[in-house]
Amino acid sequence: MTDGKPAQGIRAWQRMLSGRRLDLLDPSPMDVELSDIAHGLARVARWNGQTHGEHAFSVAQHSVVVEQVFRLQNPDCTAQACQMALLHDAPEYVIGDMISPFKAVVGGGYKAVEQRLEAAIHLRFSLPAHPTAGLKALIKKADAVSAYFEATRLAGFSEAEARKFFGQPRGVTEDMITIRPMNTAEAQALFCARFAEIEAWRGSP
């Protein structure tokens, strides 16, 4: 595989439970469904599943927390920005949550696939194909806050170790967010509910 493209003749699509057939290398917004995203993200474990609790802490839950932190850090944010924050890891419903150290090893091919999927997902929901550099930085900042609390409360990191990798959260405390592993049905419903709330906000006059 080069630049995210497989050798000729190798299947590069996945059939979704909605019935859609999503081409991973040339994804169409028409083949993206929220139900598939929520179903997939609720079943993808953060930290490769190496977390405390009866259930994994899913990417669906993480996405909701990041959007919540994003709003706390940016009280004047738009609904569109919040929807992109919620969907910041949406490509993982197809490609899974690869931990950062492994992403660094894999390199450009993974990133190329991720970028194409992000564009298709965003366009499906009438969002810009990608966030601006400024917005991406703000979402990344919120992501780091969520990662800090996940690391220290669920993944066995000491606070000093988490500060080294994710920084010290400022203006957001653990009691403001929900770092509690849920079963897949609950996590899926939570993600869908928040998506619907933001869509209603986007559609309001």
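Here is a short walk through some aromatic pairs and charged side chains in this predicted model.

Let's begin with the rings. The structure holds 7 aromatic pairs. One of them joins Phe 125 and Phe 195: the ring centres are 4.9 Å apart and the planes meet at 65°, so this pair is edge-to-face, given that planes over 60 degrees apart fall in that class. Where do Phe 125 and Phe 195 lie? Phe 125 is in the loop between α6 and α7 (133–153), while Phe 195 belongs to helix α9 (residues 184–203), so the pair ties together parts that are 70 residues apart in sequence. The cut-off behind both calls is under 20%.

Elsewhere, aromatic residues gather in a group: Trp 47, Phe 157, Phe 165 and Phe 166 form one aromatic cluster. A ring can also meet a charge, and Trp 13 shows this, with the charged end of Arg 21 sitting over its ring, 4.4 Å from the centre.

Now turn to helix α6 (residues 108–124), where you will find Glu 118. Glu 118 is buried, yet it has no salt bridge. What is the nearest side chain of opposite charge to Glu 118? That is Lys 136, at 6.0 Å, whereas a salt bridge needs a nitrogen within 4 Å of a carboxyl oxygen. Leaving aside residues up to four places away in sequence, Glu 118 touches Pro 91, Ala 129, His 130 and Pro 131.

Methods: Residues numbered from 1 in each chain as written. Predicted model: local features only at pLDDT ≥ 70, side-chain atom pairs only at ≥ 80, totals over all residues. Heavy atoms only, no water. Helix = DSSP H or I, 4+ residues; strand = E, 2+ residues; numbered from the N terminus. Buried < 20%, exposed > 50% of the residue type's maximum accessible area, 1.4 Å probe, protein only. Lys, Arg positive; Asp, Glu negative; His and termini not counted. Contact = heavy atoms within 4.5 Å. Phe/Tyr/Trp six-rings, centres within 6.5 Å; stacked < 30°, edge-to-face > 60°. Lys NZ or Arg CZ within 6 Å of the ring centre and 35° of its normal.
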